[in-house]
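Dear colleague,

Please find below the structure that I am handing over to you, with its sequence. My findings follow directly after it.

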Amino acid sequence: MNTARENLAKKYNYNNTNLCYMEQIHSNIVQVVQENKTLYKCDGLVTNQKNRPLMVMVADCIPILFYDKIKDVIAVAHAGRVGTFENISKNTIECMCKTFDCEVKDIAVTLGPSIQKCCYEVSQKMAKYTENTFGKEFVKNRNIDLQGINKKQLEKMGISETNITISSICTQCSNKPYFSYRKDNSCGRFAGIIMLRG
Ligand SMILES: [Zn+2]
């Protein structure tokens, strides 16, 4: 069907028909993967199934991957501004803990390439809102630091700093081969994918 996805599956050696992906709606809704379902309308997916790749697609928003190596549970989340403000990371971690008995201390989190505070300019009103809601350390002029806000939310959940990895690649200004919606609003999307091999 989709050549790019087929190629990706071949490159990373998984079965494309097992790929679970989301119709992402800028929410904080998280779902647990079911046996025979691949498309979910939400912004976070959790599973403990083996050989079941989870995908998040982005172009400037933050792709977040979660892994509990003790319980062997994985998750992905799509964290744009709305998802971040609505604490999608917290909901994802809570879903992992509630559904699969994960412990927060065992969960490692990676934030992939995304638009960073160097380029993420918002309206004056939104900048003010961010400052008032999350703290002035996350705002400079009208630029906001979504990575920083997510990190703070993760740490508040009990994820230790050593278990948080944040890509410093800015999709808009780095000239790395990642799509940026702000740079080109007709661009494609790139993907964050995580899978437990069985
Ligand atoms: Zn930048």
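I begin with helix 5, which lies across strand 6, strand 7, strand 8 and strand 11 and runs at about 175° to strand 11. Angles here run from 0 to 180 degrees between N-to-C directions, and axes are lines fitted to C-alpha atoms, for helices over the stretch in contact. Helices (H or I, at least four residues) and strands (E, at least two) are DSSP runs numbered from the N terminus. Contact between two residues requires C-beta atoms, placed from the backbone, within 7 Å.

Please note that this is a predicted model, in which local features need pLDDT of at least 70 and side-chain atom pairs count only at pLDDT 80 or more, while totals for chains, interfaces and linings use all residues. Residues are numbered from 1 along each chain as its sequence is written.

Helix 3 lies across strand 2, strand 4 (44-47), strand 6, strand 7 and strand 8 (107-111), at about 160° to strand 7. The axes of helix 3 (residues 88-100) and helix 5 (residues 146-157) come within 9 Å and cross at roughly 35°. This crossing of helix 3 and helix 5 is right-handed (the near helix is turned clockwise from the far one by less than a right angle). On the helix 3 side, Ser-89, Lys-90 and Ile-93 meet Asn-150, Gln-153, Leu-154 and Met-157 of helix 5.

The open sheet has 6 strands in the order 2-4-7-6-8-11, with mixed pairing; two strands pair if DSSP finds at least two bridges between them. Strand 2 (30-32) and strand 11 (164-166) are the edge strands, each with a single partner, so one side of each has no neighbour in the sheet. On average, neighbouring strands of this sheet are turned by 15° against each other, direction ignored.

Within the sheet, strand 2 and strand 4 run parallel and are joined by 3 bridges, with Val-30 opposite Gly-44. Strand 4 pairs with strand 7 in the antiparallel sense over 4 bridges, and there Gly-44 has Ala-77 as its bridge partner. Strand 6 (residues 62-68) and strand 7 (residues 73-79) are also paired in the antiparallel sense, over 7 bridges, and Ile-64 stands opposite Ala-77.

Both faces of strand 4 are covered, since Gly-44 and Val-46 on one side and Leu-45 and Thr-47 on the other are all buried (20 or more other C-beta atoms within 10 Å of the residue's own; exposed means 12 or fewer, and partly exposed lies in between). Strand 5 is mostly covered as well, with 4 of its 5 residues buried. Strand 5 pairs with strand 12 in the antiparallel sense over 5 bridges, and Met-55 has Ile-193 as its partner in strand 12.

The largest nonpolar core holds 44 residues, of which Leu-45, Leu-54, Ile-64, Ala-75, Val-76 and Met-96 touch the most other members. Such a core is a set of buried Ala, Val, Leu, Ile, Met, Phe, Trp, Tyr and Cys residues joined through C-beta atoms within 7 Å. Strand 7 gives the largest share of this core, 6 residues. Among the residues that Ala-75 touches, not counting those up to four places away in sequence, are Leu-45, Leu-54, Phe-66 and Met-96.

Finally, Asn-51 has a positive phi of about 55° although it is not a glycine. Asn-51 is located in the loop between strand 4 and strand 5 and is exposed, with 11 other C-beta atoms within 10 Å.

Yours sincerely
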